[in-house]
Amino acid sequence: MPFARKIKLPRSLSFRLTLWYGIIFLLSSCMAFFFFYVLISTNLKQRLDNRLSDKISEFEAVYNLQGLDEVKSAALIESQAAGEKKIFFRLLYASGVAFSSSNMSYWQEIGINRKAVAQLVEGRSRVYETLTLAGRPDRVRIAYGIIGRGVVVQLGYSMENDTAFIAIFKKIFLVTMSALILTAVLVGWFMARHALSGVEAVTRTAQQISESDLTRRVPITSRHEEIDRLAVTFNQMLDRIEKLVAGIREMGDNIAHDLKSPVARIRGMAEISISDSSCGGDDVTLAGSTIEECDRLLDMINTMLMISKSDAGAGDANMGPVNMADVVRGAVALFAPLAEDKGVSLTCNMPESLMVEGDLKMLQRAIANLVDNAIKYTPPPGDIDICGFRDKDTESINVSIKDSGIGIDTEDLPMIFNRFFRCDQSRAAGGSGLGLSLARAIAHVHGGEIHVESTLGNGSVFTFSLPRMQSS
């Protein structure tokens, strides 16, 4: 029973359709088998009853023409010719007492059915019954009939041949139906997969769209009318969604761009206030706080614009040979004092050279964001290990930043690269929620990617991966 609970059947629609098809085919086959079985059994029994009835009629004719002794002789000759194990007879009085019979050594277990004799006396022409003998696989069909005044004949016939025929029929049917059911399941699986191929195309497109690729569309095959209508409707919906998303992004970029000017003016006015000698101490403090907040807003606006340009492929990237090992060592040197002040150990293990084709400033900013996040979310005493390596399988350059910090919940992992998204456990720390979005946008500009592995409470590992620069 415990083993049965561990069995999990597939939940795909094609499997369920195939299963239903197989079940319906199996039930239909069983119904057909039952119908033919009843039909054949009834036909064989009817033929045997007609044969027994004809024999009784023959005995009746002999009795009427030649007398009882000739009936006995004819019955003995019939039983000997067919075989004593195939047929037997008894001659009875109307009271049910036998006064003559064939060799009954093989049929000694069979008695006389007095109810059948009584029914004949009451007026029935023939009475039939089927008996099963203990220890024998075949059955016996027995007929009772009146052949003369006060004389009743009991005629029995072995159903061995009919039983053998039914057994052969069952065996052939089971073998044939097993092959047909297997073929039906395979054909059903093929038909279900073929019919649902369009649905799978829609599913694959939806999965690719869920990965932020709104340019994907479902192919129109012109094979399945219903699926094609679904694909056309799905593509129309995607066109509308893409336009809406593009409009929202454009509006956000325009707002961010338009905010730069008023924020810059506010910052300028605050600087003028600080430079004005007539301002008091409180006014200078207020102006300094205003300048600081304006700088933070300007940094957020510039970061948003940079992310938007990178996502659109319209960034001002100045591509050239870049040694990622030097970029990482520079970031470590920059953030080492901050890590030391916080009580976090920062180690770096980099090879001499990891060459890529990229924009130096953009790559410096991406690595700086990742290192800054690792320090920010690693409580003391903690460890941050940074290493660089080249993947021999993909020929990519990888920078791995591993920390022993607070980690990320599994439910939050798919969303950490979204703009302004911040986990619940990270809201206490400062930041705008744009650092990881910018780092991933920079990775995409360079044809790379950022991979993350994390467990809540056990730290995180961010891997910044870029294509290796091809030697000229």
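**View 1. Asparagine 113 caps the N-terminal end of helix α4**. A side-chain oxygen of asparagine 113 lies 3.1 Å from the backbone nitrogen of lysine 115. This is a predicted model, in which local features need pLDDT of at least 70, side-chain atom pairs count only at pLDDT 80 or more, and totals for chains, interfaces and linings use all residues. Residues are numbered from 1 along each chain as its sequence is written, and side-chain values use heavy atoms, with hydrogens and water left out. Helices (H or I, at least four residues) and strands (E, at least two) are DSSP runs, numbered from the N terminus. Past the helix, α4 is followed by glycine 123, with a positive phi near 130°.

**View 2. Helix α4 has a buried side and an exposed face**. In α4 (residues 114-121), the buried residues are Ala116, Val117 and Leu120. They sit on the same side of α4 because they cover an arc of only 100° around the axis, taken from the directions from the helix axis to the C-beta atoms. Turned away from that buried side, you will find the exposed residues Lys115 and Val121. Here buried means under 20% relative accessible area, exposed over 50%, and partly exposed in between (1.4 Å probe, protein chains only). The cover over the buried residues includes β1 (87-93), β3 (126-132), β4 (139-148) and β5 (151-158).

**View 3. Glutamate 78 sits in helix α3 (residues 68-82)**. With a relative accessible area of 25%, glutamate 78 is partly exposed. Leaving aside residues up to four places away in sequence, glutamate 78 touches Lys55 and Ile87 (contact means heavy atoms within 4.5 Å). Lysine 55 is 23 residues from glutamate 78 along the chain, and their C-alpha atoms are separated by 9.5 Å.

**View 4. The largest cavity has a volume of about 50 Å³**. A cavity is a set of points on a 1 Å grid over the protein atoms alone where a 1.4 Å probe fits but cannot get out; lining residues have an atom within 4 Å of a point. Its volume is the space filled by probe spheres set on the points. The lining consists of Arg51, Leu52, Lys55, Glu78, Ala82, Ile87, Leu155 and Tyr157. Helix α2 (13-66) gives the largest share, three residues. By class, the lining has five nonpolar, no polar and three charged residues.

**View 5. The second largest cavity holds about 30 Å³ of space**. Look for Phe59, Ala75, Glu78, Ser79, Ile87, Phe88, Phe89 and Leu155 around it.

Note on methods
A polar contact is a pair of N or O atoms within 3.5 Å; within protein, one must be able to donate a hydrogen and the other to accept it, and residues adjacent in sequence count only if both atoms are side-chain atoms. On a 1 Å grid over the protein atoms alone, a cavity is a set of points where a 1.4 Å probe fits but cannot get out, and a pocket is an open set with protein on both sides within 12 Å along at least five of seven lines; lining residues have an atom within 4 Å of a point. Ala, Val, Leu, Ile, Met, Phe, Trp, Tyr, Cys and Pro count as nonpolar, Asp, Glu, Lys and Arg as charged, and the others, Gly among them, as polar.
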